[in-house]
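Hello,

Here is the structure I promised to pass on.

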Amino acid sequence: MSQPKVSIIVPVYNAEKYIERCIRSLREQTLEDIEIIIVDDSSTDRSLEICKGIAAEDNRIKVIHKINEGAGLARNAALEIATGEYIGFADSDDHVKKEMFATLYRKAKEYDSDLVMSGVLFVDGNMFSEKGECVRKIYFDKDTHFDTEERLKELRMGIVGALPDDEDDSKYGMSIWKNLFRHEIIKKNNITFQSERKMLSEDALFMIDYISCINKATGIDQAFYYYCRNEDSISKSYKKDRFEKSLVFVGEVEKRFENDIAEKNYRIYIDRFWQAMCRVLCSQEIMHAKANNIAYGALKKKLKEICTHDLTVRAMRSYPLNKLPMKQRIFAYCMRFRMYFLLKVLVELRSK
């Protein structure tokens, strides 16, 4: 059998409500020369049964089963057996437009790019959004190339964070599933995913490590990937150790950046990321407290831990908060001046 143009990797854990929709969208790709690798991470529902049933209908689908270790290590297991020229990723509760991989592959070949990046269609918006809302996010207004050492450094920093004037907290988006990666580079440099059980945003670290090894990346002005926020999604659910994992992530990013980027250049990107993460941390603590009738005193203690941490204090004091978009600016000032009750009011009003 000839080498498929693209291998698409899908980690699965207890996704019986969504997995058929995801796989169907991959099977219907206009680029037919693909392989789909589904990694069941020891699901306790019918996910594995469903995946095996679908695989019996399509010889492009491979299903592997492994012990439960999380999505990052499940992706690593798939990378070990992938044979495609390029690698794509999807999460089991999401789905994609049928022209996604044909377009990304065509752009990769046209520009001889090691990485092609596209936009995202956020279904149900954010953690406060109404059911059914869909927001289209495009990171590039035209085909945009990163093909010099300085431009690729800018891309690495912009994966993690953004400059004060940028509308979004990540200039280019840190997630892997909207992109296409050259398989040879992953293999040659032994690039793997960290475990999300140890740190947050293993996607972003994979992106940073990968971009450090490439000669050219291309961003395009299209969006194909439907990222569906649901009641089970990691980004929406409360995690009591999210703060600690976030600190580990920042430490890992700094280690990578300090190798070849001056701190005065990358610090503002990390500070923007940390502000965004603190908004998520504070919001989830507030929503968790409300849902579980936790006393304000206990909530305030959690918010104080976040807002008085050295990393938060530095990020707030040294950052030009007045240049942030209005909503982000208000939240940032509340965190900087430790107006915990006002934070609580803002989050609860927005969630209604």
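Phe249 and Phe273 are both buried (under 20% relative accessible area; exposed is over 50%, partly exposed in between, with a 1.4 Å probe and protein chains only). This is a predicted model: local features need pLDDT of at least 70, side-chain atom pairs count only at pLDDT 80 or more, and totals for chains, interfaces and linings use all residues. Residues are numbered from 1 along each chain as its sequence is written, and side-chain values use heavy atoms, leaving out hydrogens and water.

The whole structure holds 19 aromatic pairs. Rings of Phe, Tyr and Trp (its six-membered ring) pair if their centres lie within 6.5 Å; planes under 30 degrees apart are stacked, over 60 edge-to-face, the rest tilted.

One of them is Tyr86 with Tyr105, edge-to-face at 5.8 Å centre to centre and 90 degrees between the planes. Tyr86 lies in strand E4 (residues 86-89) and Tyr105 in helix H4 (residues 100-111), so the pair ties together parts 19 residues apart in sequence. Helices (H or I, at least four residues) and strands (E, at least two) are DSSP runs, numbered from the N terminus. Tyr86 is buried at 1% relative accessibility. Tyr105 is buried too, at 11%.

Phe249 and Phe273 form a tilted pair: 5.1 Å centre to centre, 55 degrees between the planes. Phe249 is in helix H8 (residues 242-257) and Phe273 in helix H9 (residues 263-291), 24 residues apart.

Phe89, Phe181, Phe193, Phe206 and Tyr210 make up one aromatic cluster.

Best wishes
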